Amino acid sequence: MSIIIDKNSWVLEMDSCAYALGLSPNGYLTHRYWGPRLQHADDYPLPKDPDEEDSFNLPENRRLLEYPTAEGADYRDPCLCIRFQDGVRDVRLRFVDAEAEQDKDILKIHLTDLSYELHVILCYQIHSRYDLIERWVEIYQEGMKPIDVSRIFSSIWHLPDLETYRLSYTSGKWADEMKMHHEILGPGKKVLASRRLITGHNGNPWFALDDGTATEYTGKVWFGTVAWSGNWKTIAEISENQMLQILSGINDWDFNWQLQPGERFTTPHAIGGFSSEGFHEASQKMHDYVREEYLPHGKITRKILYNSWEATTFDVDVHSQIALAKNAAEMGVELFVLDDGWFNRRNDDRAGLGDWWPDEKKFPEGLTPLIDEVKKLGMDFGLWIEPEMVNPDSDLYRLHPDWVIHFPGLDRTLARNQLILNLAKNEVQEYLISVLDKLLSENDIRFIKWDMNRNVSEPGWPDASGDARELWVRYTMGVYHVWQTLRQRHPNIIFQSCSGGGGRVDLGIMKYADQVWPSDNTEASARLCIQENYLQLFPAATMESWVTDQNEAVIPLAFRFHVSMCGVLGIGGNIANWSDTEREEAKHWISEYKKYREIIHWGDRYLLRSAVEYAVSAVLYISQDQQNGVLFAFRTYCAEPVETPTIYPRGLAANQLYEIVGQIKSGSAWEEVGIRLSLSNFSSVLIPINRI
Ligand code: GLA
């Protein structure tokens, strides 16, 4: 049994970790434990009521509540803030009962406010094999009048009492996403957030915590995220008692939800996990869970794609695309994706967004002639769209200028010459569903790249029927609704999430999109670092990576291929200009990739030497049965003289024999003696690993 119940105490046991909670003697729902699984159910600490320290520190200021609200004399950040109709702003939730759905590994705990008809259900689902806990909160009220919910987070995680707390998180900006930080926390709060309407290039709801000593392969690491593609917020707080709590969920900035009597609100789901073997195991658990249980199409083979954006930008037409498609097919590409520029009057970024039908000049007979040709060449056809956007110069905007997010009377700030359609509105959702459904029904499209190329400004919703600040959440719900409806109607289409590169990379969107585009930066040496950090958070099977012409004078084609082969391989260069030799080489790497892609996507990944830290880096992928693997090693630039360091493989079966670089040794011997390589500046190798 994985949910152990003992009166009003619960232990959620997973394969190698556990989480415990229970009612304190005074009746508070209290956190007890999160860490390695212990031998017996009664090994876990009992819920405690803290004593009063002094009149400035009442017991509630040190309680480890499972879902703290704005209440009483607790001054740490709460998860729930509400204003009742009579102006009261204290929420006093108390335990009612709990139900365990053992077959689904779900525990639900019901809480009710002491004075108002407000009910909160804390939901926990455990994913034992991955040591992950999924948490979400449902809230409803049975009063006579609406209440204002100004904050409702998905989770709070309490960490054990550690000497030091170190927070790991990512930051970035457009074309420079996924920079990893490891920061020792002091007293007070560290707040990470997006208020851009989307997840954002600037950060990600993922976080990890350790005592400052964890490494890639050692030490305890607690980690978590929120499956949400809109404004998010994470608050890590060290209280005056030196305890750390970390809260996360929908950003409460400019947020208010008017909860009507009888209405139910469910938060996005948060996920938390624990690893006792460093950051590697933390990422591996997340990878396994996401690819085995989460992605819409599960473990289907990722097709090698060609994308025409960097080759032709907006200058596309049926002839140029057919020419590229022929080149791509000869190299072994399996999916041809037509990017921006194909739709009505789209010759640059100043017009067309919103009018999702083929441009008559570029595609006089529609997309069919191109699609037929692509299919004849043995490839699938994919298409770029940016449904949430509109150019003022478009038929759609001329017809419905009130459909965009705006404040009446204020200028509408353009970014990339576009405005954002208000997907909180039902009629906008319905319009997009109908126009995109038509596009997908009339054309044999197997892949959609869904883009989103700006952040919000003037976040107004003038004709909202309720509180216009619900926009922040209803917009994201609208995006999910449109996406979900299209997926239901066209279940075989594979979606890619893109937002000017990595602006929308999160577990929320991965319910809909099997692949994402981590960055518009396709320069291979920059990409190495972006990819390394991306892979801490998400699996390689979701990470698209194209071989392009960026920095081609310095970075050889093989290096560019090797970098892209570490994820879902794509080609994005102007292959029409590639020489015969380059095309032959591309053909070679594509056929090599076909040998290894199942290992790269569904095997285990081991970071052997970090590209963020060193000019010489290496990564190894090995099948989960430890049979076959592939090792990539890279050297970017470092001044001579330099000796390439020994690379030590990992993940091999200790007693089995492996052939690597022409020699046979046991797995443990390889891990001990390593592999000597000789790499010059901007060179790389692909090394097969085969069990004998
Ligand atoms: C964004 C994407 C690019 C490309 C362009 C097209 O920037 O990230 O890959 O699709 O839009 O306008």
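Which ring does the charged end of Lys 511 sit over? That would be the ring of Tyr 294, with the charge 4.1 Å from its centre (the rule asks for NZ of Lys or CZ of Arg within 6 Å of the ring centre and within 35 degrees of the ring normal). Keep in mind that this is a predicted model, where local features need pLDDT of at least 70, side-chain atom pairs count only at pLDDT 80 or more, and totals for chains, interfaces and linings use all residues. Residues are numbered from 1 along each chain as its sequence is written, and side-chain values use heavy atoms, with hydrogens and water left out.

**Around the ligand**
- The ligand is surrounded by 13 residues, and the closest include Asp 339 and Arg 416 (a residue is near if one of its heavy atoms lies within 4 Å).
- An oxygen atom of the ligand is 2.6 Å from an N or O atom in the side chain of Asp 340, and a polar side-chain atom of Lys 449 lies 2.8 Å from a ligand oxygen.

**Aromatic rings**
- The count comes to 32 aromatic pairs (Phe, Tyr or six-membered Trp rings with centres within 6.5 Å; planes under 30 degrees apart are stacked, over 60 edge-to-face, the rest tilted).
- Trp 253 and Trp 472 have ring centres 5.6 Å apart and planes at 65°, so they make an edge-to-face pair.
- Trp 472 is buried at 3% relative accessibility, while Trp 253 is partly exposed at 33% (buried is under 20% relative accessible area, exposed over 50%, partly exposed in between, using a 1.4 Å probe and protein chains only).

**Another charge over a ring**
- Arg 609 lies over the face of Tyr 614, at 3.9 Å from the ring centre.

Conventions:
A polar contact is a pair of N or O atoms within 3.5 Å; within protein, one must be able to donate a hydrogen and the other to accept it, and residues adjacent in sequence count only if both atoms are side-chain atoms.
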